[in-house]
Amino acid sequence: MTELKKVLEDYAKDIRENYKDVLANNDHIASKNLVNSIRTEVVVGATAYEVTMTLADYWKYIEYGSKPHWLPYDKTEHTFPDLLKWIQVKPVIPRPDINGKIPTQKQLAFLIARKIADEGTKGTHDLQKTKDNILPWYRERISQALGRDMEKYILKIMREK
């Protein structure tokens with residue numbers, strides 16, 4: 001294994017674990033589906049090394065937010081099933097309206113869906129912040145690893161002559 005690959009494997013592990021911590025610290029964990037889906041891998045190609053991360057598909061909505069839009073609606077249940085599940089898992093505690101009435105979970109799901117339809121959602125940029133915090137420290141380690149690998153390669157070539 002090359003020095004570079006070792007450093008990149010450390011980087012992949014650190015970004016994965018730090019991203020989980022950032023999500024937890026910012027209260028962005030409800031069902032743990034996103035956190036449990038996080039996988040990182042160092043891919044060695046013919047001309048490049050790459051650190052890849054795979055996540056549950058909805059990570060991009062947490063990271064970047066969304067434009068105003070209506071969510072999927074179940075006509076038979078008269079509710080927004082994904083929001084209803086999220087309200088139950090999180091749990092979301094409803095506040096009384098101006099008349100002191102507390103909405104049911106179905107009503108709360110509708111109110112949240114209407115707000116998303118009107119305003120969209122804001123992104124948290126948790127992954128970008130995680131990368132920005134970790135990468136500067138790894139740049140020096142990556143540079144040093146490349147130097148050591150290059151030195152080993154040159155010595156190997158010189159021995160073969």
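## Packing of helix 4 against helix 5

Leu83, Leu84, Trp86, Ile87 and Gln88 of helix 4 are in contact with Gln105, Lys106, Leu108, Ala109, Ile112 and Ala113 of helix 5, where contact means heavy atoms within 4.5 Å. Helices (H or I, at least four residues) and strands (E, at least two) are DSSP runs, numbered from the N terminus. The model is predicted: local features need pLDDT of at least 70, side-chain atom pairs count only at pLDDT 80 or more, and totals for chains, interfaces and linings use all residues. Residues are numbered from 1 along each chain as its sequence is written, and side-chain values use heavy atoms, with hydrogens and water left out.

The axes of helix 4 and helix 5 are 9 Å apart, and the two helices pack at an angle of about 115°. Helix 4 is therefore roughly perpendicular to helix 5; angles of 65 to 115 degrees count as such, under 35 as roughly parallel, over 145 as roughly antiparallel and the rest as oblique. Axes are lines fitted to C-alpha atoms, for helices over the stretch in contact, and angles run from 0 to 180 degrees between N-to-C directions. The crossing of helix 4 and helix 5 is right-handed, that is, the near helix is turned clockwise from the far one by less than a right angle.

Helix 1 comprises 23 residues, 3-25, and at 1.5 Å a residue it should span 33 Å; its end C-alpha atoms are 33 Å apart, which agrees. The expected span is 1.5 Å times one less than the number of residues.

Buried residues of helix 1 include Leu4, Val7, Leu8, Tyr11, Ala12, Ile15, Tyr19 and Leu23. Buried means under 20% relative accessible area, exposed over 50%, and partly exposed in between (1.4 Å probe, protein chains only). Among the elements that cover these buried residues are helix 2 (33-37), strand 1 (39-44), strand 2 (49-54), helix 3 (59-64) and helix 6 (126-160).

Just after helix 1, Asp27 takes a positive phi of about 55°. Asp27 is exposed, at 52% relative accessibility. Its side chain meets that of Lys90 in a salt bridge (3.5 Å, N to O). Asp27 lies in the loop between helix 1 and helix 2 and Lys90 in the loop between helix 4 (81-89) and helix 5 (105-119), so the pair ties together parts that are 63 residues apart in sequence. Lys90 is partly exposed, with a relative accessible area of 25%.

Ile29 also lies in the loop between helix 1 and helix 2 and is partly exposed at 24%. Not counting residues up to four places away in sequence, Ile29 touches Lys20, Leu23, Ala24, Val35 and Lys90. Ile29 and Lys90 are 61 residues apart in sequence, yet their C-alpha atoms are 7.7 Å apart in space.

## Further salt bridges

The count of salt bridges comes to nine, each being a side-chain nitrogen of Lys or Arg within 4 Å of a carboxyl oxygen of Asp or Glu. One joins Arg16 to Glu17, with the closest N and O atoms 3.3 Å apart. Arg16 is buried, with a relative accessible area of 19%, whereas Glu17 is partly exposed at 32%.

In helix 5, Lys115 and Glu119 are four residues apart, and are thus separated by about one helical turn. Their salt bridge has its closest N and O atoms 3.5 Å apart. Lys115 is partly exposed at 48%, and Glu119 is exposed at 53%. Finally, Glu3, Lys6, Arg148 and Lys152 are linked in a network of salt bridges.
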